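User: Hi! I have a chain here that I would like to walk through with you. Could you help me read it?

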Amino acid sequence: MKESFWGTAIVAIGVVAIFFILFFQSVTNTDEHNYHLLKEATEAAMFDALDLAAYRESGIIRIDREKFVENFLRRFAESAVLSSTYEIKIYDVNEQPPKVSLQVSSSESTSLTGDIYEFDIVNRLDAILEVPYKE
């Protein structure tokens with residue numbers, strides 16, 4: 001009888017451990033996906049928003065605020081996971097020198113014991129556009 005109890009307990013612990021591993025793997029993958037998507041979309045949107053007319057005219061490197069926001073949202077939406085809900089906050093867009101500060105929030109939820117647990121995943125990024133200086 002003792003052996004069957006221990007066998008059942010080991011199987012139950014194994015199922016709970018597998019559940020936790022799968023849940024934290026999902027949270028980690030979501031966080032990593034959001035971070036890399038935020039980073040790549042920001043960098044590409046900053047390069048797309050470069051004001052080439054100002055650079056050609058006076059050599060000043062600046063970005064257009066409206067073009068940055070438009071390109072960032074388009075690029076982010078193209079690669080985002082469709083089953084997630086995102087909240088994007090753009091805090092600061094400096095046109096010269098090119099600098100942006102933004103935050104992307106999403107949430108993961110699970111029901112372990114019938115109660116719904118939600119975890120908010122927040123990624124913040126401050127980006128400065130660097131270009132090589134040539135004399």
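This is a predicted model: local features need pLDDT of at least 70, side-chain atom pairs count only at pLDDT 80 or more; totals for chains, interfaces and linings use all residues.

User: In what order do the elements of the chain run from the N terminus on?

Analyst: Residues are numbered from 1 along each chain as its sequence is written, and side-chain values use heavy atoms, leaving out hydrogens and water. Helices (H or I, at least four residues) and strands (E, at least two) are DSSP runs numbered from the N terminus. The chain has 3 helices and 3 strands, and their order is α-α-α-β-β-β.

User: Is Asn 34 buried or exposed?

Analyst: Asn 34 sits in helix H1, which spans residues 2-48. Buried means under 20% relative accessible area, exposed over 50%, and partly exposed in between (1.4 Å probe, protein chains only). Asn 34 has 0% relative accessibility, so this residue counts as buried.

User: Which side chain does Asn 34 join in a polar contact?

Analyst: Contact means heavy atoms within 4.5 Å. Leaving aside neighbours within four places in sequence, Asn 34 is in contact with Tyr 86, Ser 106, Ile 121 and Asn 123. A polar contact is a pair of N or O atoms within 3.5 Å; within protein, one must be able to donate a hydrogen and the other to accept it, and residues adjacent in sequence count only if both atoms are side-chain atoms. At 3.5 Å, the side-chain partner of Asn 34 is Tyr 86.

User: What distance separates the C-alpha atoms of Ser 84 and Thr 30?

Analyst: Ser 84 lies in the loop between helix H3 (65-79) and strand S1 (87-94). Ser 84 and Thr 30 are 54 residues apart along the chain, and their C-alpha atoms are separated by 9.5 Å.
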